[in-house]
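Okay, thanks for making time, everyone.

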Amino acid sequence: MKTIGILTSGGDAPGMNAAIRAIARTAFANGLRVKGIRNGFDGLIKGDIYEMNISSVADIVHKGGTILGSARSLEFKTKEGQDKAMEIIKNFDIDGIVVLGGDGSFQGANVLHERGIKTIGIPCTIDNDMGYTDWTIGFDTAVETCKEAISKLRDTSSSHGRGNVVEVMGRNCGDIALYAGVAGGAESILVPEVPVDMEQVISRVQRGKARGKLHHIVVVAEGIGNPQNIAKEIQDKTGVETKLTILGHVQRGGSPALRDAIMASEMGVKAVELLMEGKSSLAIGIKGGKIFSMYIPDAIKIKSEFNTELYTIASILAN
């Protein structure tokens with residue numbers, strides 16, 4: 001192992017830059033060269049690669065996004081695209097690649113592994129939807145962003161006696177909605193893992209209104225349906241003016257929270273150590289506070305488990 005490539009793929013997540021920094025500096029400390037691959041697998045195919053040095057990763061640990069850029073690549077899913085990628089890897093003398101991203105990115109890493117390139121995957125996705133690991137890099141920061149937004153919306157909702165439906169990211173995974181909703185004190189939390197019960201939502205708003213409550217916060221994961229219809233139904237059936245706030249991509253940005261920054265740093269160091277040991281196609285994760293690794297094909301088969309216990313707690317606290 002003489003030269004390591006770093007590639008970020010899929011949606012960006014706070015903490016990616018902290019991981020890039022840890023990978024690069026650990027590699028340099030062990031006498032390895034580092035190549036930055038811009039814009040994911042698309043940049044790999046196009047040869048958009050540059051030599052990194054100590055200065056390349058200076059002052060990035062606190063920055064959101066990814067200095068390497070990210071892009072989707074349909075071409076990499078084809079044999080022709082993969083052939084191009086292998087030729088580029090050979091031309092740049094890259095011996096191993098650390099891939100930062102989610103399930104799709106890990107599948108790409110395993111493709112390279114099967115074609116003879118050593119690869120390690122680091123889980124970076126704000127959705128926290130990778131079942132093999134307790135947490136993914138970026139999730140904690142995204143939840144903190146949502147919690148802060150909910151707090152501000154409560155202030156203005158209380159001033160006007162309004163309700164507010166807050167849509168957060170999570171098409172197939174309701175973790176952001178669940179954790180932000182609990183931490184932010186939402187009256188109702190709607191997630192794709194649990195059937196939507198609008199009568200229960202409306203009943204909670206009505207009970208709150210009856211006892212003089214001035215705000216009504218409903219957190220909705222984007223995967224459960226049209227949030228405008230939800231806000232309208234609440235308003236029509238309760239008489240409480242209900243606004244809709246869609247937080248959108250603001251959830252992807254910002255300086256990484258403590259856990260994301262620390263976890264990214266630990267995983268970045270571990271990735272280089274595994275490559276130096278000759279390991280490949282391993283997904284790095286965290287369980288019970290301990291960093292570990294497992295075979296990528298096995299890791300991506302493990303479905304994320306929804307925290308039903310916390311969801312029950314949320315229902316109790318909302319009454």
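Let's start at aspartate 134, which counts as partly exposed because its relative accessibility is 30%. Bear in mind as we go that this is a predicted model. The side chain of aspartate 134 meets that of lysine 287 in a salt bridge, 3.4 Å from N to O.

Lysine 237 has 43% relative accessibility, which means partly exposed.

While we're in helix 8, have a look at threonine 238, which lies in that helix too. Buried or exposed? Threonine 238 is buried, because its relative accessible area is 9%, and the cut-off for buried is under 20%. Its side chain reaches the backbone oxygen of isoleucine 234 at 2.5 Å. A polar atom of the threonine 238 side chain also lies 3.1 Å from the backbone nitrogen of valine 240. Leaving out residues up to four places away in sequence, threonine 238 touches Ile202, Val205, Gln206 and Lys209.

Now over to the loop between strand 2 (33-37) and helix 2 (40-46), where we find asparagine 39. Asparagine 39 is not a glycine, yet its phi is positive, near 60°. Its relative accessibility is 30%, so asparagine 39 counts as partly exposed.

Arginine 38 is in the loop between strand 2 and helix 2 as well. Which residue does the side chain of arginine 38 meet in a salt bridge? That's aspartate 48, at 3.1 Å from N to O. Aspartate 48 sits in the loop between helix 2 and strand 3 (49-52), ten residues away from arginine 38. Both ends are partly exposed: aspartate 48 has 29% relative accessibility, and arginine 38 has 32%. There's also a network of salt bridges that links Arg33, Lys35 and Glu51.

Aspartate 93 is another residue other than glycine with a positive phi, in this case near 55°. You'll find aspartate 93 in the loop between helix 3 (79-91) and strand 4 (96-101). With 53% relative accessibility, aspartate 93 counts as exposed.

Okay, let's zoom out to the domains. The assignment gives domain 1 as 3-138 plus 256-300, and domain 2 as 140-253. Taken over C-alpha atoms, the centres of domain 1 and domain 2 are 34 Å apart. What do they share where they meet? In contact are 14 residues of domain 1 and twelve residues of domain 2. Between them the domains bury about 1,100 Å², with 53% of that on carbon and sulfur atoms.

How many salt bridges are counted between domain 1 and domain 2? One. Aspartate 140 forms a salt bridge with arginine 259, and the closest N and O atoms there are 3.0 Å apart. On the side of domain 1 that touches domain 2, the residues divide into six nonpolar, three polar and five charged. Across the interface, eight residue pairs are in polar contact.

Last stop, glutamine 251, in the loop between strand 9 (242-246) and helix 9 (258-276). Glutamine 251 is buried, since its relative accessible area is 0%. Its side chain reaches the backbone nitrogen of methionine 169 at 2.9 Å. Setting aside neighbours within four places in sequence, glutamine 251 is in contact with several residues, among them Ile126, Ala142, Val168 and Ile176.

That's my tour, so over to you for questions.

Definitions and conventions. Residues are numbered from 1 along each chain as its sequence is written. This is a predicted model: local features need pLDDT of at least 70, side-chain atom pairs count only at pLDDT 80 or more; totals for chains, interfaces and linings use all residues. Side-chain values use heavy atoms; hydrogens and water are left out. Domain bounds come from an automatic or database domain assignment. Contact means heavy atoms within 4.5 Å. Buried area is the accessible area (1.4 Å probe) that two parts lose on being put together, summed over both. A salt bridge is a side-chain nitrogen of Lys or Arg within 4 Å of a carboxyl oxygen of Asp or Glu. A polar contact is a pair of N or O atoms within 3.5 Å; within protein, one must be able to donate a hydrogen and the other to accept it, and residues adjacent in sequence count only if both atoms are side-chain atoms. Ala, Val, Leu, Ile, Met, Phe, Trp, Tyr, Cys and Pro count as nonpolar, Asp, Glu, Lys and Arg as charged, and the others, Gly among them, as polar. Helices (H or I, at least four residues) and strands (E, at least two) are DSSP runs, numbered from the N terminus. Buried means under 20% relative accessible area, exposed over 50%, partly exposed in between (1.4 Å probe, protein chains only).
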